[in-house]
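Please open the structure in a viewer and keep the selection tool at hand.

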Amino acid sequence: MKKLKMTTKEVRTLLSQIPDPEIPVITIEELGILRDVNFLNDECVITITPTYSGCPAMKAIEQDIIALLKENGIEKVNVKSVFSPAWTTDWLSEAAKDKLRQYGISPPDKTTSDKSVLTGIQKTVKCPQCNSENTELVSQFGSTACKALYKCKDCLEPFDLFKCH
Amino acid sequence: MEKQLFNYLLRLSDSSLIIGHRLSEWCGHGPVLEEDIALTNISLDFVGRANSLYEYAGKVESKGRTEDDLAYLRNEREFFNNLLAEQPNGDFAQTILRQYLTDAFEIHFYEALAKSKDETLAGIAAKSLKEIQYHLRHSSSWMLRLGDGTQESNTRLQNALNEIYRFTGSLFETDENDTVLIAAGIAPNLSTIQHQWQKDVDTMLEKAMLKKPEKVWMQKGNLQGRHTEHLGYILAEMQSVHRAYPGVKW
């Protein structure tokens with residue numbers, strides 16, 4: 001039998017398994033999209049934040065959250081989107097960056113406190129396949145809003161860079 | 001104050017939605033695949049921002065209108081977007097120019113708005129500001145490449161400038177609605193931003209080997225809902241599905 005009442009910690013652990021719909025190797029917890037879990041009376045309030053304003057994955061994430069909670073006996077769910085503090089790649093853990101690399105996406109290697117990454121193009125971008133730094137920007141905009149398209153000039157593989165944001 | 005804030009939010013969200021829709025018209029028509037992706041990515045940022053602002057506007061108004069009601073069920077005279085946003089895509093040069101003139105404005109405007117005393121508005125602005133930095137980098141690099149490119153690309157960019165520069169004045173149009181919000185520390189003062197924008201634009205035009213049109217009569221009227229003929233066509237296309245099937249869901 002399912003437990004009738006879960007603690008916020010249990011709900012958070014449960015939700016931290018939800019993969020990002022676009023990059024399924026990392027979870028919404030690791031990405032920093034899942035911000036808060038709370039109970040207000042009998043309603044479960046989940047706070048999420050978008051990576052980019054127009055990220056189309058937000059609706060899918062919301063539906064994933066509602067479905068998973070329903071499966072676990074929580075019917076009244078309210079998923080709230082907040083914009084402040086604005087999402088940043090600084091929230092990605094080292095473990096999450098490793099997962100991105102293994103998946104073929106070059107992770108952001110600087111923090112946003114280094115202003116040069118925001119005002120100019122990131123200086124060195126490593127190829128996630130062969131680790132070469134001999135890479136070139138193909139397009140500032142990639143397959144999703146959070147990525148840019150690069151090409152490795154050594155192994156000749158194209159790859160995505162998770163933009164420092 | 002709610003009334004003024006609601007009007008102000010509509011102006012911001014309408015401007016974002018309309019230019020976002022314009023950019024989306026490039027989907028499948030970009031000059032190269034990378035540009036197709038870039039322009040539609042940028043479009044998403046604008047439409048996403050409009051969505052957040054409309055949602056907040058609906059809350060401020062508290063008459064139960066959703067973001068969809070505000071986007072799809074208002075007529076032309078009830079839209080308050082700046083006149084530059086609704087100008088047609090034209091050729092690639094005109095789209096890039098319209099985008100650069102907009103991005104150069106937004107980078108200063110949203111930086112100031114991120115310091116607004118209205119926390120929700122400041123939050124949306126801070127989020128948008130990060131995206132605008134990418135937009136500006138993209139449009140600036142194309143301004144230089146086209147302006148300082150071939151005779152053909154320079155001519156096309158210059159023609160676009162002669163055609164749409166007269167709509168930039170509407171970015172800075174202001175009225176007593178703004179005065180109330182500026183006094184409350186909610187809205188930034190547009191005259192400061194206009195000064196910063198003009199400085200940046202003048203520098204860019206010189207670098208891109210373009211001549212700023214002289215003695216331009218700036219077209220205005222958007223704060224009263226008066227638009228160029230192009231807006232009606234955008235709304236007709238954008239709203240047709242929602243109006244034909246009210247409340248339809250995917």
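A residue counts as buried if 20 or more other C-beta atoms lie within 10 Å of its own, with C-beta atoms placed from the backbone. That cut-off is needed at the first stop, and it is applied here to a predicted model.

**First stop: B:Asp14**

Select B:Asp14, which is located in helix α1 (residues 2–24) of chain B. Is this residue buried or exposed? B:Asp14 counts as buried because it has 27 C-beta neighbours inside 10 Å. Next, display its contacts: residues up to four places away in sequence being left out, B:Asp14 touches B:Phe79, B:Phe80 and B:Asn81.

**Second stop: B:Glu25**

Move on to B:Glu25, in the loop between α1 and α2 of chain B. B:Glu25 is classed as partly exposed because 16 other C-beta atoms lie within 10 Å.

Now select B:Leu9, B:Leu53, B:Ala57, B:Ile96, B:Leu97 and B:Leu157, the residues with the most contacts inside the largest nonpolar core, which has 103 residues. Which helix gives the largest share of this core? Helix α2 (residues 33–61) of chain B does, with 13 residues. The core also draws at least three residues from each of domain 1 (8–81) and domain 2 (94–162) of chain A.

Centre the view on B:Leu53. Its neighbours within four places in sequence set aside, B:Leu53 is in contact with B:Leu9, B:Leu12, B:Ser13, B:Ser16 and B:Ile124.

Select residues 92–113 of chain B, which form helix α4. This helix has 22 residues and reaches 30 Å from its first C-alpha to its last, close to the 32 Å expected at 1.5 Å a residue. Where does α4(B) bend? The bend, of about 25°, is at B:Glu106. Colouring by burial shows α4(B) to be mostly covered, with 18 of its 22 residues buried.

Turn to chain A, which contains five helices and seven strands. Traced from the N terminus on, its elements follow the order α-α-β-β-α-β-α-β-α-β-β-β. Of the 165 residues in chain A, 36% are buried. Among its contacts between residues at least 6 apart in sequence, 53% join residues at least 24 apart.

Colour chain A by domain, using 8–81 for domain 1 and 94–162 for domain 2. The centres of these two domains of chain A, taken over C-alpha atoms, are separated by 27 Å. Their contact takes nine residues from domain 1 of chain A and eight residues from domain 2 of chain A. On the domain 1 side, the touching residues comprise five nonpolar, two polar and two charged residues.

**Last stop: where chain A meets chain B**

Finally, display both chains and select the contact between them. Chain A supplies 15 residues to this contact and chain B supplies 23 residues. How many charged residues are on the side of chain A that touches chain B? That side has no charged residues; it is made up of nine nonpolar and six polar residues.

Key: Residues numbered from 1 in each chain as written. Chains lettered and ligands numbered in written order. Predicted model: local features only at pLDDT ≥ 70, side-chain atom pairs only at ≥ 80, totals over all residues. Helix = DSSP H or I, 4+ residues; strand = E, 2+ residues; numbered from the N terminus. Expected span 1.5 Å × (residues − 1). Bend = angle between axes of the 7 residues up to and from the residue. Buried ≥ 20, exposed ≤ 12 C-beta atoms within 10 Å, placed from the backbone. Contact = placed C-beta atoms within 7 Å. Nonpolar A, V, L, I, M, F, W, Y, C, P; charged D, E, K, R; others polar. Domains from an automatic or database assignment. Core = buried A, V, L, I, M, F, W, Y, C linked by C-beta atoms within 7 Å.
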